[in-house]
Amino acid sequence: MPTKVDKPILVLGIESSCDESAVAIYHSEQGLLAHNLYSQVELHAKYGGVVPEVASRDHIRKLAPLIEQILAETGNPKIDAVAYTAGPGLVGALLAGSAVARSLAFAWGVPAVGVHHMEGHLLAPMLEENAPKFPFIALLVSGGHSMLVRVDGIGKYRLLGDTLDDAAGEAFDKTAKMLGLGYPGGPIVSKLALQGETGRFVFPRPMIDRPGLDLSFSGLKTFALNTWQKAVQNGDENDQTRTDICRAFELAVAGTLAIKCRRALQQEGLSRLVVSGGVSANREIRAQLDEMAAKNGFATFYPRLEFCTDNAAMIAYAGTQRLLAGEQNDLDFAAKPRWSLEELSAI
Ligand code: KG4
Ligand code: ZN
């Protein structure tokens, strides 16, 4: 049994699972003291998606200066432990972050803990004043994942539904690419959708007529492609058509998520819904989830916008909770590109 830590601790958090190099400093009693991030988005934009090797090399370049800077900003405090994203994610990117984290922990003579990236997303709303109490349902929607999880405590996770094909963010990214809109697609599609005409195109709501809580988004992407190709044939290949397709696509994603979340809450007899991951920054999705929640007497919780997408504050927070419970990992615990949330231990 790990021994609980009963004194306050100051933790350096490091995130590098995909295309953001991020650092944060979290105090177990005072909360988040500082966080900083360098996004590689521009580096990958010209390729239309994240190039793993480019990502790893850039993490190596950016992490050390980011750490130096955040330590200087906070007055070079004594760090008691290091928390780093150990998975899931791109293996080279994870190895870059974990090597830096483990080396610092070794040099400083402090423990290090490998954090599950999706546990970070799932607990991100805990960084807000209005933090949810357990138990709750978490909808985790990012570039790599779309999951509905029953959460009874830290590490007490039961997967209720998963995507059968594309993740929600991936569908946004691929749809944007098809329409020639650039990368990453989520923020671009959601911005355009604001000006789109509701009802010009109506997309199906995938999986809602099937029982269960699994999700599927690749059909919507194909529907968007077919709609666009038909518009091209009819000579409607213009920005208004792109905008109207974005609107219809976003409404369909939001509508499907709202129905699935209502089902999950009702099935589990719970009333709190946490929504996190990059796609939870989407305004239409938030609006439809809030409306569904208000109608059914549920409450919704989101991270602040900057903590919806990848960041180290959530990793520092999750790592701190595990360190306080006495967890730490040996030097050989480096990266786990594939790692199920359900494998985590309860604390
Ligand atoms: O959580 P995240 O930063 O990285 C992963 O762990 O995957 O999520 C990134 C994903 C991308 O697919 C991006 O297009 C999507 O989140 N995203 C959005 C929005 N902002 C980011 N999707 C829809 N609407 C947004 N406003
Ligand atoms: Zn993420």
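Helices (H or I, at least four residues) and strands (E, at least two) are DSSP runs, numbered from the N terminus. This is a predicted model, in which local features need pLDDT of at least 70, side-chain atom pairs count only at pLDDT 80 or more, and totals for chains, interfaces and linings use all residues. Residues are numbered from 1 along each chain as its sequence is written, and side-chain values use heavy atoms, without hydrogens and water.

Q: Which helix gives the most to the lining of the largest pocket?
A: Helix 5 does, with six residues. A pocket is an open set of points on a 1 Å grid over the protein atoms alone, where a 1.4 Å probe fits, with protein on both sides within 12 Å along at least five of seven lines; lining residues have an atom within 4 Å of a point.

Q: What makes the pair between Asp 173 and ligand 1 a polar contact?
A: A polar contact is a pair of N or O atoms within 3.5 Å. A polar side-chain atom of Asp 173 lies 2.7 Å from an oxygen atom of ligand 1, so the pair qualifies.

Q: Why does the backbone pair of Gly 278 and ligand 1 also count?
A: A backbone N or O atom of Gly 278 lies 3.0 Å from an oxygen atom of ligand 1, therefore the pair meets the cut-off.

Q: Where does ligand 1 sit?
A: The space taken by ligand 1 is the largest pocket; a molecule sits in a pocket if more than half of its atoms lie within 2 Å of its grid points.

Q: Which helix gives the most to the shell around ligand 1?
A: Helix 6 does, with four residues.

Definitions and conventions:
Chains lettered and ligands numbered in written order. Polar contact = N/O pair within 3.5 Å; in protein donor to acceptor, adjacent residues only side chain to side chain.
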